[in-house]
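Please look through the sequence and the model below before reading on.

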Amino acid sequence: MTFTAIRSALLHCLRDPGLAGDASAIEYLPDAITVMRDGRVHAVGAADALLPTLGADVHVDDQRGRMLVPGFVDTHVHYPQVDVIASYGTQLLDWLNRYTFPAELAFAERAHADAASEFFLDRVLENGTTTAAVFCTVHPQSVDAFFTASEARGLGMIAGKCLMDRHAPEGLTDTADTGYRDSKALIERWHGHARSRYAITPRFAPTSTLPQMQAMGRLAREHPDVYIQSHVAENRAEIAWVNELFPGHRSYLDVYDHYGLLRDRAIYAHCIHLDDADRARMTAAGATPSFCPTSNLFIGSGLYNLQQALAAGNAVSVGTDIGGGTSYSMLRTLGEAYKVQQLLGTSLSPAYALYLATLGGARALSLDDEIGSIMPGKFADFALLDPAATPLLARRTTLRDDPLDTFFALMTLGDDRAIAATYASGRCVHRRAMP
């Protein structure tokens with residue numbers, strides 16, 4: 001058995017700290033040893049206590065001055081949109097037609113999907129993200145390309161083929177029958193293979209006919225342990241369109257509920273314009289919202305009210321939503337989440353921000369027994385943060401001896417430069433190049 005260890009400060013959540021940030025829910029060790037074995041955490045403790053117990057054959061990577069946190073969890077992102085990020089000037093529906101759908105047509109070619117998967121995962125890892133819920137395209141080979149690349153890196157990823165049988169260009173649509181059969185074959189090939197998990201992935205209700213919605217509900221019943229991911233209540237024009245296409249339903253969310261797509265392990269991005277009844281229904285069903293602040297601001301969709309969601313019992317997490325989102329960095333995403341909540345009169349504490357991007361994301365995905373905190377038995381998925389990554393960060397983070405203040409500075413001022421290294425399954429899968 002091979003043991004390796006990291007010596008650094010350590011910061012993680014033991015439980016939900018609440019929006020105000022209960023400090024007792026956070027564990028901070030200023031000088032810690034994290035021992036890894038066979039891809040998992042073997043032991044964690046204060047360096048002065050743990051170091052003398054290590055054998056001479058244990059390699060200790062000395063990273064004092066840096067802070068180890070759990071690998072970030074991004075609960076909503078589109079890997080085929082690597083070439084769509086930073087596309088100018090439209091709101092959701094026009095943005096899809098002008099930029100997104102043309103870009104996704106290229107994924108009919110496996111070589112293109114392979115190259116995009118590699119590029120996407122390199123960007124994710126340089127930003128400290130080790131688990132994500134990922135949309136592929138309608139093409140089954142886009143899923144094969146993604147999981148092949150993610151498994152080669154030892155990552156725990158959730159992904160699925162988009163299902164669309166209307167309101168999309170030729171070359172990006174399937175049918176109720178082919179979508180069902182392709183998805184079923186992909187589930188059998190990838191779900192539970194290595195650390196991969198599959199998600200039934202309707203793009204959003206308007207791009208699926210009633211027969212396709214019924215087929216997805218059937219698929220969900222046949223495979224109760226797979227994930228479901230889609231979009232809901234992102235944009236008011238989108239909501240009006242859903243009302244036209246699915247008359248008689250109480251709400252946009254109710255469309256998914258009617259077809260059996262609202263349940264445990266169902267992740268719905270955005271959820272900006274839900275009402276109290278919808279939020280309560282999400283909680284009762286076990287479904288979770290993914291808050292995507294950079295995308296919501298960039299596309300002009302609206303401000304997500306985190307306080308209302310938490311009051312309803314929603315298990316909120318955060319997503320970058322590349323390419324409507326504007327950064328692969330979960331630090332930057334949390335910084336924008338803070339600003340959105342400020343506009344709504346709520347302060348997002350650094351403790352709760354850390355929770356949203358780590359243990360909270362893991363819980364939203366029902367993976368908190370595997371990831372989300374740095375504890376023996378969990379996968380050794382970490383991000384190593386560098387508080388001195390830039391001159392500004394170095395000056396700012398020396399002002400106060402408070403780890404949560406340091407994390408707040410990192411999520412406000414940091415980006416990929418603040419990630420010194422990323423570890424997945426106990427292996428360093430990214431190390432920042434030094435200037």
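## Salt bridges and the overall fold

At 46% relative accessibility, arginine 98 counts as partly exposed, a class that lies between buried (under 20% relative accessible area) and exposed (over 50%), with a 1.4 Å probe and protein chains only. This is a predicted model, in which local features need pLDDT of at least 70 and side-chain atom pairs count only at pLDDT 80 or more, while totals for chains, interfaces and linings use all residues. Residues are numbered from 1 along each chain as its sequence is written, and side-chain values use heavy atoms, with hydrogens and water left out.

Arginine 98 forms a salt bridge with aspartate 94, where a salt bridge is a side-chain nitrogen of Lys or Arg within 4 Å of a carboxyl oxygen of Asp or Glu. Because the two residues are four apart in helix α2 (residues 92-105), arginine 98 and aspartate 94 are separated by about one helical turn; helices (H or I, at least four residues) and strands (E, at least two) are DSSP runs, numbered from the N terminus.

Two further pairs are listed beside this one.

| Salt bridge | Closest N to O distance |
|---|---|
| Arginine 98 and aspartate 94 | 3.1 Å |

Aspartate 122 lies in helix α3 and arginine 153 in the loop between α4 (140-152) and β7 (158-160), so the pair ties together parts that are 31 residues apart in sequence. Aspartate 122 is partly exposed at 35%, whereas arginine 153, at 13% relative accessibility, counts as buried. Arginine 189 is partly exposed with a relative accessible area of 41%, while aspartate 144 is buried with 14%.

Helix α3 (residues 110-126) also holds alanine 116, which counts as buried at 6% relative accessibility. Leaving aside neighbours within four places in sequence, alanine 116 is in contact (heavy atoms within 4.5 Å) with Tyr79, Val82 and Phe107.

What does the secondary structure of the whole chain come to? The chain has 16 helices and 16 strands, and 60% of its 435 residues count as buried. A search of the whole structure finds 30 salt bridges. Along its principal axes, the C-alpha trace of the chain spans about 65 × 45 × 40 Å.
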